[in-house]
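Thanks for coming, everyone. Please take a look at the slide, and I'll walk you through it.

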Amino acid sequence: MSLADQIFKAGVVGAGGAGFPTHIKAKSEVEFVLANGAECEPLLHKDYEIMVNYPEEIVNGMQLMMNNTKAKKGVFGIKDKNHLAIEAIQKFTDETNIDMCILGDFYPSGDEYELVYAGTKRLIPPHGIPLDVGCLVNNVETFYNVHNASIGKPVTQKFVCVTGMVKEPKSFFVPIGTSFKEIIEFAGGTTTSDYGIFVSGILMGKLSFDTSEVVTKTTAGIIILPKDHYLISRMNREIKDMNRIGKSACDQCSYCTEFCPRYLLGYDVQPHKVMRSLGFTKTGEAVWNQYADLCCACGLCSLYACPEDLYPREACVQGKEELRKTGQRYEQPKPVKVHPIKEGRRVPLKQLMKRLDLLKYERKTPFTKDEIDPKTVKIYLKQHVGASAESIVKIGDMVNVGDLIAEIKDGKMGANIHASISGKVSHVSEEFIRITN
Ligand code: SF4
Ligand code: SF4
């Protein structure tokens, strides 16, 4: 069986958050394969922990992908502060054609456009993907899953980090579909009774208050912050209020654009112009929204750059949505050219954390091999880019860990889904399958 077929069978998708089916990437031909170990979201350390504890598997998965895509070179992107991870990985990359790309501790370093530029000096064309410049990028955990797929092990667990206001911050493997309630308990419980949950990151993740939500194939971890933290009230605001405040308070200082990493890389993203759309009629809106089209929603403009605490990122997200609805696409008139001041404008992670009042929540999240044994799991049928998987089980069926329970049919894009615990199927719908033991 080819590697792409093994990966498809195992249901591997981008574990860094994107959820793109990995077997499709495995079918391409590229010059470079890049491992994304940048992990630039504040407080999360799960990529660091998996690199320190499973370097051989990660490098093997990367080499398998390199061989399969005929890549001449591998590039491992990793931050200089994570020297234990660098040492661990280097033990297995010596005498291979994988080079280390040592990154500074800036936000964002893990954006694909940034990483491809840092590792190869190539610039992805506007609206493009790494493949357009001969590159394939995967998160380090995805390579771990590729290794597992090559030995017939499907994706049934997710590597996560639970941190913030919990008694024992830690990183661990957890069966997919386990509730946040259980993973918080596994981390010793919270140290505050009133809290919000940042899922997969403060800047690019989402805010939730629902502990019955579950881990999926793309959950990086959860961060517990007290409910009176400034970030929770700020991010819990309704979009209409964000727009109303933006409309009246934006003074067009353009700091949001000056600090935008996509703008600094040479893409025509100008959030200060997008902010103008909040005060326009539909016609004017369409003009200004174009400057949002190449935004990657990193959040730096809203959470760091804007001196008025406004929401340019959210305006860009809406602007992109509007463009999509009307079938418009912004064609950048100028060629992509890195801004001469890019390096000087990069935002150190520590400075960002200070601005967001997060430094006091910074904790180590050591890996533990201890396992959670959930009594029930809720496994979504769409945890990936593409079509939902279709259930092949029915209520009352008994399944074992690793059994295929939902599959992608008729050559559609998507990923297979497997049982993450052994037990009885207690619910089947188009949305999810529940297994209870
Ligand atoms: S930084 Fe804030 S105030 Fe300045 S242009 Fe951007 S959104 Fe407006
Ligand atoms: S979220 Fe803001 S800073 Fe980030 S890419 Fe979009 S416009 Fe630029």
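I'll go through the strands, then the core, then a ligand site. Keep in mind that this is a predicted model.

Start with strand β2, residues 73–79. Is β2 mostly covered or mostly open? Covered: 6 of its 7 residues are buried. On one side, β2 pairs with another strand. Strand β1, residues 32–37, runs parallel to β2, and 6 bridges join them. Look for Phe32, which stands opposite Lys73 in β2. Now strand β3, residues 98–103. β3 also runs parallel to β2, with 6 bridges between them. Here Gly77 stands opposite Cys101 in β3. How does the chain get from β2 to β3? It goes through helix α5, residues 83–93, and this β-α-β crossover is right-handed.

Next, the core. In soluble globular proteins, nonpolar side chains tend to be buried together. The largest nonpolar core in this model has 125 residues. Val33, Leu34, Met62, Met65, Val160 and Ile183 touch the most other members. Helix α4, residues 55–69, gives the largest share of this core, 6 residues. Now pick out Met62. Beyond its neighbours within four places in sequence, Met62 is in contact with Val33, Ala35, Gly74, Ile98 and Phe143.

Last, ligand 2. How many residues surround ligand 2? There are 15, and the closest are Cys260, Cys295, Cys298, Cys301 and Arg313. By class, that shell has 12 nonpolar, 1 polar and 2 charged residues. Helices α12, α15 and α16 each supply at least two residues of the shell. Which gives the most? That's α16, with 3 residues.

Definitions and conventions:
Residues numbered from 1 in each chain as written. Chains lettered and ligands numbered in written order. Predicted model: local features only at pLDDT ≥ 70, side-chain atom pairs only at ≥ 80, totals over all residues. Near = placed C-beta within 6 Å. Helix = DSSP H or I, 4+ residues; strand = E, 2+ residues; numbered from the N terminus. Nonpolar A, V, L, I, M, F, W, Y, C, P; charged D, E, K, R; others polar. Core = buried A, V, L, I, M, F, W, Y, C linked by C-beta atoms within 7 Å. Buried ≥ 20, exposed ≤ 12 C-beta atoms within 10 Å, placed from the backbone. Contact = placed C-beta atoms within 7 Å. Pairing = 2+ DSSP bridges. Right-handed = clockwise from strand over helix to strand, strands pointing away.
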